[in-house]
Number of protein chains: 2
Amino acid sequence: MSAYDIAPGVDAALAAFTLPEKLGFGAVTAPVMFSAEWEEGTWRRGILLPYGRIEVWPGSRVLQYAELVFEGLKAYKVGQSRANLFRAQDNCRRMQRSAERLAMPVVPETLFFQGIKAVTRACAPFIPARSGQSLYLRPFLYGTESGYLLRNSKSFRFMVIANPVESYATGAPTVAIERQEVRAAQGGIGTVKASANYAASLRASSRALARGHTVALWLDATEHRYIQELSGMNFFAVIDGELHTPELDGAILPGITRDSLLKLAPRLGYAVHERPMALDELLGQIGSGRCSELFACGTAAIVMPIGGLAEPDERTFRPAQTDQVAARLRTALLAVQERREPDPFGWVREVA
Amino acid sequence: MSAYDIAPGVDAALAAFTLPEKLGFGAVTAPVMFSAEWEEGTWRRGILLPYGRIEVWPGSRVLQYAELVFEGLKAYKVGQSRANLFRAQDNCRRMQRSAERLAMPVVPETLFFQGIKAVTRACAPFIPARSGQSLYLRPFLYGTESGYLLRNSKSFRFMVIANPVESYATGAPTVAIERQEVRAAQGGIGTVKASANYAASLRASSRALARGHTVALWLDATEHRYIQELSGMNFFAVIDGELHTPELDGAILPGITRDSLLKLAPRLGYAVHERPMALDELLGQIGSGRCSELFACGTAAIVMPIGGLAEPDERTFRPAQTDQVAARLRTALLAVQERREPDPFGWVREVA
């Protein structure tokens, strides 16, 4: 007997699904989703449902007070008979930290994996199998109770939705330096994956896109001097042939891809440095050639080369090379994720 | 012909509604709600609907990226045959500023008032009529598009829900000084009414409640030295018989009740000061007796006396008096809102 229920309509939804040729990132939605509700201190039995709209009260705290935390992770099935999750344990732990920061109930590890695996198993026949493709999983937890009193909900829902995705083929886009607005301050919620962090970055991100850049690069809230991260990706620079990334300063999201690169890079011969990175110093190092390359990383793009950093007045600082070190790291990481190379850190787990 | 549609079921929902004796604040929901959708640069025709759950895509930006801004305002019908809105024009303008800060489409003034008035008119027969009671209106705007790309939605929905409410009878609760966590930083979104601001304050607010206080008192993000606001209310102190409130520092919400008090108080003989207010200086002034009273203000509570400020170690600084100046201001403001006194600033507008 399964530990969760399967709603009527799931088989039909799965049978009706055909994987399109063009996947993009988030454009195609898997035909099933997982849901489990929390009330009075207890998680109820979960259920696998056909994918579809969900009902919320208009005055619910998830809407009115952004009481939602989420995760993003991938299941790979490239040259394998079964799906393989990458560092899902770390996503589970981070989602627990996110929930704690917002004083929401924690999703237990067993429930987290039940949801992830239920969706992954049901979708296994159509997890795309070309290198770089995967099933992107988006678990999230939100407060369902209506009410204006400033406190947490007394009822919650944990869900997992999924998307068959292809690898981001982005070229090497430029990034817009954001010198005015602030994404996250120390003492705030920047270190956890809460929907609220993204609201603060929407205007700068939309403006960056409108100006022809891919996204905004954020600086620290106090001095507007130190690099934090891109909206949704961590930042790396290659300086004198070594890797530098902003240290976790209490406002940056501790990315799992970031951590994976910090562990993999030394095996490829790159020294790594986590330190406060002053933007203006870095711009000088791009000018002098000491900084030879920039890239960003995250679950979606894995490793994304950056073509240059654009000031608000469009002066753009372009490093001499793009996608050299980045490509080596992406290839090495993807080889572990797709189980083409040994997995020295025990990051990959087959879904039975 | 009405400028908006009326859904089947609205008449039945209105006919079935009975106003309960006990209203609380948000516990009773009005039986109708207003909705209008935005797509491709155009607002579609609005509709009045029976109150009920709304459908959202699980991957929608309102959920995943907290793409939601809202307002709160009241319609009074105390001793009047028709409902009267208080400073609704200011709520409309603030909602437009909120939308701009998140790069969302602005709700035009005509649509904002169409929604507010449609709900107010339909609910007019049961707007509670005892002094301090009112119909609380909650307009909100959110992004409905699914997708993980960090930019705004391409489709939006404007809604108005409402609650018959009674006056907060809170006594003079204590407030928990929050010395670690941060609600909003300059350059962030604290100055607008976005759901995301409340997510950041949930843990501190829930902790404050658990410790027996009503809510948290926030300090500035940089130095943790200057008073900002309570989660959801602005802060005032009576010092040497004059009113002091933190100046709008680029992180505080410019409350409409705050502004109303700053304008009304001089007519009652109180000098008013907007200035940076260092917390430790204020605690000293409470100790010496120079600060005689504290209170908070907002649309919900109007003017809420504060019994004292509690440090994390529970040392509590209690001013010598509570609800003296606060009561005078509340009475004066409510008299304008309920049209028992002249309205020198043109704040009140009858809903025809």
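Modeller: In this predicted model, chain B is superposed on chain A by a rotation of 180° with 0.0 Å of shift along the axis, and the RMSD is 0.0 Å. The two copies are thus related as by a two-fold rotation axis.

As to extent, 58 residues of chain B are in contact with 58 residues of chain A. The size of an interface is often expressed as the accessible area lost when the parts come together. Here the area buried between chain B and chain A is about 5200 Å², and carbon and sulfur atoms give 65% of that area.

Polar and charged groups also take part. Between chain B and chain A there are 16 residue pairs in polar contact, both residues being at pLDDT 80 or more. The count of salt bridges between chain B and chain A is four. Side chains of opposite charge can pair when their charged atoms come close. One salt bridge joins the side chains of E55(A) and R53(B), with a distance of 3.5 Å from N to O.

Several elements of chain B each supply at least two residues of the side that touches chain A. Among them are helix 2 (61-64), helix 3 (88-101), strand 9 (134-143) and strand 10 (155-165) of chain B. Helix 5 of chain B gives the most to this side, with eleven residues. Sorted by class, the side of chain B that touches chain A comprises 31 nonpolar, 18 polar and nine charged residues.

For context, the count over all chains comes to 58 salt bridges. One example within chain A is formed by the side chains of R179(A) and D280(A), at 2.9 Å from N to O. R179(A) lies in the loop between strand 11 (174-178) and helix 5 (195-210) of chain A, whereas D280(A) lies in helix 7 (residues 279-288) of chain A, so this pair ties together parts that are 101 residues apart in sequence.

Technical notes
Residues numbered from 1 in each chain as written. Chains lettered and ligands numbered in written order. Predicted model: local features only at pLDDT ≥ 70, side-chain atom pairs only at ≥ 80, totals over all residues. Heavy atoms only, no water. Least-squares fit on C-alpha atoms with pLDDT ≥ 70 in both. Contact = heavy atoms within 4.5 Å. Buried area = accessible area lost by both parts, 1.4 Å probe. Polar contact = N/O pair within 3.5 Å; in protein donor to acceptor, adjacent residues only side chain to side chain. Helix = DSSP H or I, 4+ residues; strand = E, 2+ residues; numbered from the N terminus. Nonpolar A, V, L, I, M, F, W, Y, C, P; charged D, E, K, R; others polar.
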